[in-house]
Structure formats: structure tokens, C-alpha cells
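Work through the following exercises with the sequence and the 3D structure at hand. Each task is followed by a solution in steps.

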Amino acid sequence: MSETFSQADRNDGVEPDMVDQNAAPASQASGAGVVPMNMIQALNSAIDVKMAEDANVLSFGEDAGYFGGVFRVTDKLQQKHGLTRSFDAPISECGIVAAAIGMGAYGLRPVVEIQFADYIYPAYDQIVSEAAKMRYRSGGQFTSPIVVRSPYGGGIFGGQTHSQSPESLFTHIAGLKVVIPSNPYDAKGLLTAAIEDDDPVVFFEPKRLYNGPFDGWHEKPVSPWKTQDLAQVPTAKYVEPIGKARVMREGNDVTILAYGTMVWVALAGAEHAGVDAEVIDLRTLVPLDIETIEASVKKTGRCVIVHEAPKTSGFGGELSALVQERCFYHLEAPVARVTGWDTPYPHAFEWEYFPGPQRVAYALNAVMSGGR
Amino acid sequence: MNDKMSKKNSQPLSLHVPEPSGRPGDAPDFSHLKMDPAGVVERPEVGSTPYAMRDLAFRLIRVLDDEGQAVGPWNPRLDPETLRRGLKAMILTRAFDDRMHRAHRQGKTSFYMKCTGEEAIAVAQGMLLSREDMGFPTYRQQGLLIARGYPLVDMMNQIYSNAADPIKGRQLPIMYSAKDYGFFTISGNLGTQVPQAVGWAMASAYKGDDKIAISWIGDGATAEGDFHNALTFASVYRAPVILNVVNNQWAISSFMGIAGGLETTFASKAIGYGLPALRVDGNDFLAVWAATQWAEERARSNQGATVIELFTYRGAPHSTSDDPSRYRPGDEHDKWPLGDPLERLRQHLTVIGEWDDERHTAALKEAVEQVRAAGKEAEAIGTLGQSRPSVKTMFEEVYATEDWRLVEQRREVGV
């Protein structure tokens, strides 16, 4: 599977020299301070720093040990922290999550990797029936302080099984927290928070953003993270709170709710439309920062929701319902959703499927004219 | 080239669907079961390689012979006091089951599951291992709690989902959680606990601890992918865990052949994973004890996991919602060649002069009294629907702290 992705990634014009894949993770290369990191390095730094701080933190997954992960997120953790703290797992997503649950019940804080979110389904029973319900069903006697990390999302010619965004399958489950960062700074702070959280966290990493922000203008050259303020990452530990959204752009005309790659697409879409949009990066879907959403929509009177996942029963449906329930008398137009289509993720039709800035701009213009 | 050539079979293909040896109205037939006599199966060194001891996966470790004597190399030579404690715990487990089954019939609870005929397994293993070791049970190891002295009234409170239910009315009856007794929270989803036990054992090893894990799964649930995952992880990481397969011949109405138990033994499944396998008379308290002790020693000495198939028979209906007379001979349990675990240990204790009819009658009476007293106490708190935890608790412990949705929804309910 990793080969398929690497191929797709190269075809898509992500320049290999944007990231020095052999460089030591930034947190290890430098002393204290703030350094530019890409999302991979930021995630690596989060695990590295937590491992150094807490002997109960360990990391495992397919190819996640010696090799450091097919995306390098766990690079050099084994060399630095030892074989038993960062190790390879059999190709068994169910087994990986089940083992993590057992470890969590013992008192450890495992951070496990599912190589692609598209392959999380064999572990679905363990996540949904076990991790999510353990505290509840045992009256608090047993808990699951685990993190299930997984690269997710499209825009990389990953085809059906390297592009999916299955977040709504998890936001629907009581007992789970669902986190999706959109930049290196948040990636490190949120992953640190997830590791320290006493509840199970499903942590989706938009792989399209690993090496640089991506605004959906796929024919333009991709810029590296180092040009972005949010790539300035402290090497020391810090925490970004789970449950808090980030306002990426303040605006007065319309609120855009997005997360992951779509945050950057939303920003580009607003610029393309020439609309004064307020772009909110939700960052965590569960728990959701309802206050920030409500305040913004009440201010702007309009709302566009953008996600990569298919439309029907996607998380956008929940967001739309919440906005309608809470901001009905402030709305000046129907809430709009810009999402992936209700099809499996296609290969050849990547850019017809992927909700790009033009589709966002179209929705913004429609909402501004009061229609849909 | 063959690409257009059609192939002919000597006869048309046919689908094989295994069938049990007896259905309702048939005479029970266990002639297909191969049973070693007591005392004949060798006892390998604890450090033996799985390859060298693979034959044990196809044998049957038994200690108690037909006369009630403990024989052979697996005799754990338990002192009479331990044997008496084991017998009393089995008697108490059966008395508890009988009362709770009745309580269901009386409408005091919605559901119950007995472990009749399987008492030796959880009782022996519960007594042998420490409460510090974590057990990952199914819904049919209540004997573990009873052997460890977990308050019967708390079990009943859980079954009645009353105000004193330790897990606050959230779970179906019998899905106990008892961390302090080394009893992991029971899930309705079959098989999930086995790879979790492996993970727990890996954690203990990772920390350089001295605790081990023990899990149970039924014959039917071995068909779940979790069983395969558990064996793979246990083997790869040499996890200090005992992986029990309780083969009671039946998974609700499916006989064990439907789970793949006719073509091979469940113990033998360990062999392909490079794990040692013991196949044991599950109705023989001493054999269960001895095999578990062997696996325990192996786990504690860092030599990894052992699979134990405990060969037994599910004497009772699958649950209070089940009627076995619709799929198996009514007297099959009576004809089970390995007998009844309580009667066999009673016979042994009697033969060695450490038990008699008078003591047995007294023990039965004492167990019934103990269950009755607990029953009175639990029923005074309330049976199902008469008493329950505060509705507010329905919203608690979904997360470590209630999020805004739960606060709003709780207020909608008015609590």
C-alpha cells in the first residue's frame, strides 16, 4: 500500500526536496526553541517529546518501528527510545487496536498507527464496541487512554483505498474523540493533547498536508510548510486543547466550517470568490467547539460547510443541523455543503471528485445571493 | 493454452455442512470423541518447544480416573483444604446460577446465563492465579468471581440493574466488571477480549512487571478474527498470557463442528502460531489446575503464551432466551462421558477420606443459604424495574468529563 501512495504522491508534484526524509526529526536536531517543521516532523516531535516525558507512552503499527513509518511520522523513535517503545506490528489493524486497548487498561498510553484511514475498518469493532464504551460499561473501572493515528483524506491520486475520509463513522460513536489537524503547529499540540487525554482519540492526519499546505489549486506548484507561520513549531512540549476551533480568517459575510485539507481549500475558495468569509478550522469534531461556530454564524448570517468525505450522512450533515438548530433566526440563506460526491473515491477523476476552491467559491457566491 | 478449456470433475462438487451426532429425539452419541484415560498423557517440561509437544494438542490431559483417584504426571498434588475450597466454590457457583435462573423466570431480571457443567474451569483458574493478574472473561466465567469471594450481592445487584449495581444499570445482566478481582469488563462482542488480554500482557512485559493475563473464549467464538489476531500477537511478542478455549460443544444452537472443531482440535490451532497447546478435561478440577499451573509458570518465566483447550459440555441452555430441546438430544448432558465436575471432585475428596455425604449435604445447604441471604439483600434494594441508579448517571462516564452535548441532553431528560 505504501508503494501505491508514494507513486501517487510523486505523480502529484510534491517535490521530494521539500522534506529531507533523512533528516533527524526537528525536535531531536535542535535544542529548545521554535523551528520550522512540516506536519510529519511536528507529529514526530509530539510523540518523541511525550515518550521522553512519560515511560507509559509507546508507539507501534505496521512499519512504524525500525523503518519509522511509511510517512516517517515515527522516524527514529525506535533508535532513540528503544525497541520496546516504538515497534513494528503485524498487518492486523484489529490486533493493533485491541493490543492498545489491553495496554491502556493496564495503564499505558499507547499511540498506534493505522497506515491509512482506509484500512481502519478491520479495527472498527475494537474501536467502537470496546475502546469507546469501556469507561461507560465498566462504571469507570477500566478506561482506554489510547490514540489511534491514521493518515486520511484525498487529493493525492490515492484512488479508492488511500484517500478516504471516514470521520463520520467515528463522530457517530459515543465515547470517542475525533481530532483532525490542518497544520504543523496544531498537529503537534493536538497530538500531545490526545496522548494526554484519558479518553480514546481517533486522530486523522491529512496526508495531503504532510509536506505542505494544499489549497486545492492542483495545477499550481505546491508551497512548503516553511512559508507558513503555523509551521513554526516549538521543540518543547505544548498542548493545543481538544475541543477548541481555530479561526483561520476573520470575516463578516459568511462562515466557512472546515477541517483538515479543506481549511486551506476554504481559504483559497474565499479568496477566489472575493467574499469576506470567516474561515473556522474545527480541529476537533468531537468534542465540537459549538460556541465558536454559533458566534460566527450569528455574526455572518451564512454558513458553508466543506469536507472531503461524501455528502450523505457526512459530518457536514451534523454541522448543518446544529447551525440550523442554533442560528435559525440569524440565517439569511440556506446552509450549504461542499463535499465529496456520494461515490467511492475515484482515481482518474481526482479533481472532479475533490472539492476544490472553485466549488467552494461557487457555493459562497450562491449563499451570498441567498440561494443554494 | 488452457484459457478456454473447461475442466471436468469425476463427480459434481458438493458442499459439506457439518452436522452434530445427535438431534432432538436421537440417542446421544459421543463415540466420535477420542478420550485418553486419566494419567496417560505426558507432562512436558515447562520450557519445551511448542514443536516438541505438539502431540498434546490432540490428546486429553486428565488426572481424575473413574474411581476418583488422582493419577499420572499431571497430578498437581493439591492439599485437601484447597480441594475443599474448590468444591465449595463450584457448589456455590451452581447454587448462584440456579437462583438467578429462577429469578429470571420470576421476572426479577431480563436475562441470565448459567455455566452448568463448566464450573471447574473458572473456579480452578480463579483460585490459582492472583487477583493482580488480569482475567479477560466471557459471560460464562462467573465462577472466577465466586471463587475469589466477590460479593454475591454485588453480582445480583448487577443482574437486577438496581440502585447498587456497581456498573450503574448500563449493562445487560451478567456483564460484570470487577477490576479489583482481576476480572475485566465483559463485552457483548465475542472474541474482542482475547487480543486485549494479549495487549495487557504485553504491557506487563513492557513494564518489567510480574503480572500475567488470562483470557477465555468459547469454541464458537474462535471463528472470530480476533482469535487469530490474538494468537498472532501472543506469538510474535511472546506475551505472558494464558489463552483458554472453553470447548463446551455448543455455540447457542451450533455444534462445535460449525466452528471447525471436527476436522481438528481447538488446541491444535495454537500449533500453526508456534504456541504450545494443552488439551484438557475441563470437568476435571485437578487437570484444569495442573494445566493452568504449567501455562502460568511458562508465562511468568518469560517464555510466552500457552493455549489451553478445556474440553467440557454446556449443560444448561445457552441463556434464559434459549431452548436446547429444539436442537440437541434432551439427555445429552447426562451422557457426557466426562461427567460432572462437582461430582468428580466430590468423589475424589471422598476417596481420599477428606469428604463425606454429611459434609457434602452441609456444603450444599450452606451455599443455598449464602445465595439466599445475598438474594434477600439484593432484592431489598430492588429487582429490575423496582430500583435503579439515578437517570443522571446515564450521561456520566461516556467521557472522563461530560461535554456540552451530554450536558444539554441530560437537561432535556430533566436531570
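A polar contact is a pair of N or O atoms within 3.5 Å; within protein, one must be able to donate a hydrogen and the other to accept it, and residues adjacent in sequence count only if both atoms are side-chain atoms. The model is predicted, so local features need pLDDT of at least 70 and side-chain atom pairs count only at pLDDT 80 or more, while totals for chains, interfaces and linings use all residues. Residues are numbered from 1 along each chain as its sequence is written, chains are lettered from A and ligands numbered from 1 in the order in which they are written, and side-chain values use heavy atoms, with hydrogens and water left out.

**Exercise 1. Describe the interface between chain A and chain B.**

Step 1. Count the polar contacts: 27 residue pairs, both at pLDDT 80 or more, are in polar contact between chain A and chain B.

Step 2. Find which element of chain A gives the most to the side that touches chain B. This is H5(A), with 10 residues. Helices and strands here are DSSP runs (H or I, at least four residues, for helices; E, at least two, for strands), numbered from the N terminus.

Step 3. Sort that side of chain A by class: 27 residues are nonpolar, 12 polar and 10 charged. Ala, Val, Leu, Ile, Met, Phe, Trp, Tyr, Cys and Pro count as nonpolar, Asp, Glu, Lys and Arg as charged, and the others, Gly among them, as polar.

Step 4. Count contacts, meaning heavy atoms within 4.5 Å. Chain A has 49 residues in contact with 43 residues of chain B.

Step 5. Look for salt bridges (a side-chain nitrogen of Lys or Arg within 4 Å of a carboxyl oxygen of Asp or Glu). Between the two chains the count is one. B:Glu408 forms a salt bridge with A:Arg326, and their closest N and O atoms are 2.5 Å apart.

**Exercise 2. Which residues of helix H10 of chain B are buried, and which are exposed on the face turned away from them?**

Step 1. In H10(B), residues 404–413, the buried residues are B:Leu406, B:Val407 and B:Arg410. They lie on the same side of H10(B), because they cover an arc of only 105° around the axis. The arc is that of the directions from the helix axis to the C-beta atoms.

Step 2. On the face turned away from the buried side, H10(B) carries the exposed residues B:Arg411 and B:Glu412.

Step 3. After the helix comes B:Gly414, with a positive phi near 90°.

**Exercise 3. What does the salt bridge between A:Glu278 and A:Lys299 tie together?**

Step 1. The closest N and O atoms of A:Glu278 and A:Lys299 are 2.5 Å apart.

Step 2. A:Glu278 lies in strand S11 (residues 277–281) of chain A and A:Lys299 in helix H11 (residues 290–300) of chain A, so the pair ties together parts 21 residues apart in sequence.

Step 3. A:Glu278 is buried, at a relative accessible area of 5%, whereas A:Lys299 counts as partly exposed at 43%.

Notes:
Buried < 20%, exposed > 50% of the residue type's maximum accessible area, 1.4 Å probe, protein only.
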